[in-house]
Amino acid sequence: MKNDNSFQDIIEREKGLNRSLTTGQLTMIAIGGAIGTGLFLGSGLAIGLAGPSVIISYAIGALIALLLMGCLAEMTVAHPVTGSFGAYAERYINPWAGFSVRYSYWFSLVCAIGTEVTAVAVYMKYWFPTVPAIVWIIVFAAILIYVNLTSVKMFGTVEYWFSVIKIAAIVGFIILAVYVIVGADSSSAIGIQNYSNDGGFFPNGLWGMWIAVFISLFSYLSIEMIAVSAGEAKDPEKAVPIALRSAVVRLVLFYLLTLSLMLMIVPWGAAGVDKSPFVKVMEIVNIPGAAAIMNFVVLVAALSAMNSQLYISTRMMFSLSRGGFAPKILGKLNKKSVPSIALFTSVIGIVFATIFTVVKPDSAFALMISLSSFGAMFAWFMIFVTHLFFRRKWNATNGRKLPVRMIGFPYLTILGAVLLASVVLSTWFSPDFKATLTLGFPWLLFISICYFIWKKANVKKINE
């Protein structure tokens, strides 16, 4: 399939990256990013807010993610470039949209890397309670930076096996949980009665359930990575739709099923972020060594998500540089076709996380979620908005039919945007996540000012 000529300049400027990622690796990159701290550690925070109704919270989050993927799949198959939704916003809305989306998403990923590395420090305390968290942050950061520096093929291979371990563990957890629940004695504290005990299904009301949707969205964040990695896929026109469908189905199944089973075993009041709820389940089941194995799995999950986020944040900065929105040096590739300088720029999130973990260890995780969520959710919102512009302009200027089409357009696109905006705006009334907006809106103002400064310095380039 030939690319639309109006997009050819973006395709040309982003040349140089190796197209070596397979369909399986694309799927695993999305799963690797989305099945991480959000499920294994963040779910504890969500359960504490919503109680058993967290199942509905994650179902609503899944609906928003599903609508987003429909919009993104349509645009990505039409234009498989590394700049992805940032490039689409630039071309189909205006340069400010492309500038702000890419920088906001990059900043989000940088902070998300910090969230994952904060979680790594929490998990390692299970085995080494006396070792300072900063030691683990430095060790694992160095390993993953090396993986990302080597080649996209090595990154894809490592991420594939990281994700295989996670998926195998989740499937094993589901089987074990079903066995425990079915075989539990009627007098035990295990069973469906946990859905109604301790305050009922909505112990904190509908508001608690609704705020937990925000955490569910944080959990699903990174599924959009497939679109960014399409720029290095072997056959993006075929690989992207398959990878997106596969990733969405697996994520929804894994999240909803694991949470439903977990709540039957661990009373919701015992949830928290001091330890993964998965580890708590293993401790209750009392299988020798099982808790340690699950702690290893959640450690791999955090490393996997961090690995994916390093990769995507690097490519987003590469795209900004090649588009003239960032210094040219950030768009340079090393001998293995990796934007190495852009990679080191994206490592700044690890520095933030290290500082927060040392200064405010008890609130570091929630703070990093707030910092990382706004940029990503702004990018998600702009994907919905861009899709409305994209379809209108495509229908007006292209005679050929789109290979992949979003169903229910424009109503489902608008529904996704409205639901997402409602969830994010609700954080203003939540003390835990108010920082999402109190930091997010000033960030948008800052990035807009930066854009107009950039625009003034590049007026001739824009007018050409």
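Serine 337 is buried in this predicted model, with a relative accessible area of 17%. Among contacts between residues at least 6 apart in sequence, 83% join residues at least 24 apart.

**Backbone features in loops**

- Most residues other than glycine have a negative phi, and most peptide bonds are trans.
- Serine 337, although not a glycine, has a positive phi of about 60°, and its place is in the loop between H14 and helix H15 (340-346).
- Aspartate 198 also has a positive phi, near 55°, and is found in the loop between helix H9 (152-183) and helix H10 (205-220), where aspartate 198 counts as exposed at 51% relative accessibility.
- The peptide bond from phenylalanine 409 to proline 410 is cis, with omega near 0°, and proline 410 lies in the loop between helix H17 (364-397) and helix H18 (411-426).

**Packing of H7 and H14**

- Helix H7 (residues 95-124) packs with helix H14 (residues 290-322) at an angle of about 160°, their axes being 8 Å apart, and the two helices are therefore roughly antiparallel to each other.
- H7 passes H14 in a left-handed crossing, and by class the contact of H7 with H14 has 23 nonpolar, 4 polar and 2 charged residues.

**Nonpolar core**

- The largest nonpolar core has 152 residues, and those with the most contacts inside it are Ile64, Phe85, Tyr103, Tyr105 and Trp380.
- Leaving aside neighbours within four places in sequence, phenylalanine 85 is in contact with Leu72, Val101, Tyr105, Glu224, Val228, Met316, Ala379 and Ile383.

Methods: Residues are numbered from 1 along each chain as its sequence is written. This is a predicted model: local features need pLDDT of at least 70, side-chain atom pairs count only at pLDDT 80 or more; totals for chains, interfaces and linings use all residues. Side-chain values use heavy atoms; hydrogens and water are left out. A nonpolar core is a set of buried Ala, Val, Leu, Ile, Met, Phe, Trp, Tyr and Cys residues joined through side-chain atoms within 4.5 Å. Buried means under 20% relative accessible area, exposed over 50%, partly exposed in between (1.4 Å probe, protein chains only). Contact means heavy atoms within 4.5 Å. Axes are lines fitted to C-alpha atoms, for helices over the stretch in contact, and angles run from 0 to 180 degrees between N-to-C directions. Helices (H or I, at least four residues) and strands (E, at least two) are DSSP runs, numbered from the N terminus. Angles under 35 degrees count as roughly parallel, over 145 as roughly antiparallel, 65 to 115 as roughly perpendicular and the rest as oblique. A crossing is left-handed if the near helix is turned anticlockwise from the far one by less than a right angle, and right-handed if clockwise. Ala, Val, Leu, Ile, Met, Phe, Trp, Tyr, Cys and Pro count as nonpolar, Asp, Glu, Lys and Arg as charged, and the others, Gly among them, as polar.
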